[in-house]
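Subject: Structure for you to look at

Hello,

Here is the structure I said I would pass on. Please open it first, then read the notes below it.

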Amino acid sequence: MDYKDSKAPHNTLTRDMNEMSAKVGNVYETVAIISKRANQISQELKKELDAKLQEFNAPQEGIEEVFENKEQIEISRSYETLPKSTLLATEEFLDDELVIKNTSREREQF
C-alpha cells in the first residue's frame, strides 16, 4: 500500500472511543485491532526503507559518496514526514478498510 497518498492526519487527534468501538463492541478489542495493524504497517515501512537504503551499501569513495549521502538523507526524510503507523491504522479502521477475523469467537460457535 502506498502510505504517502494516505489521508491520515500527521498530528494526533482526539477520537470518541465509544463511536470507534461501536463497530467491534469492545474498546479493548478496538485498541488491539488498531495496534496490530499499526505494527504491520510499521514493519512494512521498515522493510521498504531498508530495501531502499540497501542500494547505498556498496563501498564507494570520493564525490559520489557525498552525493549518495544526500540521497540517503532525502529518502530518510521522506519516510520521517509520513504519518505515524498508529494514525494510519486508525484511519484504515475508521474507513472500514480492515478485515477483522476473530478466531476465538469462531471457536465459541462450534
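A residue counts as buried when its relative accessible area is under 20%, as exposed when that area is over 50%, and as partly exposed in between. The model is a predicted one. Arg37 has 13% relative accessibility, so it is buried by that cut-off.

Arg37 is in helix α2 and Glu92 in helix α4, 55 residues apart. The two form a salt bridge, with 2.6 Å between the closest N and O atoms. Glu92 is buried too, because its relative accessible area is 5%. Salt bridges with shared partners put Arg37, Glu44 and Glu92 into one network. Glu44 is also in helix α2, but it is partly exposed at 36% relative accessibility.

The count of salt bridges is five. One of them joins the side chains of Arg15 and Glu91, at 3.7 Å from N to O. Arg15 lies in the segment before α1 and Glu91 in helix α4, so this pair ties together parts 76 residues apart in sequence.

Now the helix α2 itself. Its 28 residues should span 40 Å at 1.5 Å a residue, and the end C-alpha atoms are 40 Å apart, which agrees. Asn26 caps the N-terminal end of α2, with a side-chain oxygen 2.9 Å from the backbone nitrogen of Tyr28.

Last, the largest nonpolar core has 16 residues; among those that touch the most other members are Ile33, Ile41 and Phe93. Helices α2, α3 and α4 each supply at least two residues of this core, and α2 gives the most, with five.

Regards

Key. Residues numbered from 1 in each chain as written. Predicted model: local features only at pLDDT ≥ 70, side-chain atom pairs only at ≥ 80, totals over all residues. Heavy atoms only, no water. Core = buried A, V, L, I, M, F, W, Y, C linked by side-chain atoms within 4.5 Å. Buried < 20%, exposed > 50% of the residue type's maximum accessible area, 1.4 Å probe, protein only. Helix = DSSP H or I, 4+ residues; strand = E, 2+ residues; numbered from the N terminus. Expected span 1.5 Å × (residues − 1). Polar contact = N/O pair within 3.5 Å; in protein donor to acceptor, adjacent residues only side chain to side chain. Salt bridge = Lys/Arg side-chain N within 4 Å of Asp/Glu carboxyl O.
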